[in-house]
Amino acid sequence: MSARALPLLFLNLGGEMLYILDQRLRAQSIPGEKARKDEWTDVDRKRVMNDIIATMFNKKFMEELFKPQELYSKKALRTVYDRLAHASIMRLNQASMDKLYDLMTMAFKYQVLLCPRPKDILLVTFNHLDAIKDFVSDSPAILNQVDETFRQLIETYGCLSAGEFQLIRQTLLIFFQDMHIRVSIFLKDKVQNSNGRFVLPISGPVPWGTEVPGLIRMFNRNGDEVKRTEFTTDGNYVPPQREGSFDLYGDRVLKLGTNMYSVSRPVETHMSGSSKNAASHAKENIVPNPLAKEELNFLARLLGGLDTKTPGGSETGFRLNLFRTDEEEEHAALTRPEELSYKVIDIEATQEPGRRAELSRILGELEVAEPRPASAGKGEELLALMDGL
């Protein structure tokens with residue numbers, strides 16, 4: 001497992017979350033002069049996007065995120081995105097939050113699978129950050145936060161070898177391997193089968209630095225080429241145009257990670273049969289985590305800057321529905337397997353011993369999955385953040 005995969009996982013999933021929220025907020029926005037008090041306007045949309053992006057790229061949080069560490073468990077990572085999605089005046093019901101997270105994870109899984117070479121995962125990340133910068137182009141302070149993260153990515157990953165990127169890719173695919181949610185966009189484009197598994201193409205550009213398959217060269221012991229044999233392939237491969245730019249600004253060439261919701265079309269998610277079966281057995285593997293107290297204390301410290309915005313005064317929180325109607329959302333909430341729903345835990349991190357003890361008590365009452373070995377050091381930085389929260 002790579003200790004460098006977490007920042008790429010967090011930033012790319014966050015980018016997909018912002019794409020979806022922006023598309024849904026635009027779809028539900030009403031012109032300001034016509035909107036009622038409880039309806040979305042474009043001003044509200046910009047405020048929500050700015051608040052979430054400012055929280056996501058919080059300097060202290062980014063510093064902790066970029067430290068070498070294991071991936072968070074699936075439930076712990078989901079909890080972080082629950083907090084991010086509610087970092088502004090927007091409120092999501094459980095079914096809409098479930099759908100949002102399904103879309104995020106399946107989109108990035110597809111991008112990781114299709115990367116021509118492991119290093120191109122970094123270009124996918126840059127595509128997400130380029131789009132995020134467009135969202136906050138009129139907010140210099142937030143734009144500077146995103147640029148700073150850009151520089152951290154270049155500094156951290158620019159010098160890694162191809163083998164290290166391959167390990168990062170394998171780590172991400174292991175994280176996604178049991179997720180087979182069907183998404184309407186992928187189903188309509190025939191890049192996903194009815195069982196939720198993706199269809200990998202056998203045509204198109206080959207990875208940068210490689211040749212189009214179809215030729216076998218044989219060399220003697222001196223390294224001289226002595227024979228060539230050609231063969232036919234089932235795919236229609238072509239050389240790549242050029243290598244994408246890994247600089248702060250530039251043409252990424254690769255389109256993976258760009259906003260696929262820029263063209264308006266409905267996006268539905270459906271649980272595949274294998275995912276439902278996995279969910280039905282989830283409770284059988286649930287056991288208490290002996291390190292729950294320490295892990296909650298760490299989450300409290302890490303998320304101290306990720307405060308959920310509580311509307312003050314006469315201001316009310318706006319509800320965002322990721323379904324076409326309220327009835328669809330209610331139906332999804334009723335039919336969603338209970339084991340796949342996650343509770344949002346609001347954590348207010350303070351230095352008061354009483355508050356810290358209360359946070360520890362809360363987690364002590366929770367059942368958590370995937371216990372860490374007893375030999376794991378409690379003092380290690382960011383080891384498995386709240387496994388199975």
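By a nonpolar core I mean a set of buried Ala, Val, Leu, Ile, Met, Phe, Trp, Tyr and Cys residues joined through side-chain atoms within 4.5 Å, where buried means under 20% relative accessible area, exposed over 50%, and partly exposed in between, with a 1.4 Å probe and protein chains only. Please keep in mind that this is a predicted model, in which local features need pLDDT of at least 70 and side-chain atom pairs count only at pLDDT 80 or more, while totals for chains, interfaces and linings use all residues. Residues are numbered from 1 along each chain as its sequence is written, and side-chain values use heavy atoms, with hydrogens and water left out.

The largest nonpolar core has 79 residues, and among these Phe10 and Tyr81 touch the most other members. Its biggest contribution, 12 residues, comes from helix H1 (residues 6–28); helices (H or I, at least four residues) and strands (E, at least two) are DSSP runs, numbered from the N terminus.

Which helix holds Val80? Val80 belongs to helix H4 (residues 74–85), and it counts as buried because its relative accessibility is 0%. Although Val80 and Phe10 are 70 residues apart in sequence, they are 9.4 Å apart in space, C-alpha to C-alpha.

Let me turn to the strands. Strand S4 (residues 215–219) and S5 run antiparallel and are joined by five bridges, and two strands pair if DSSP finds at least two bridges between them. Strand S5 (residues 225–230) lies largely in the open, because zero of its six residues are buried.
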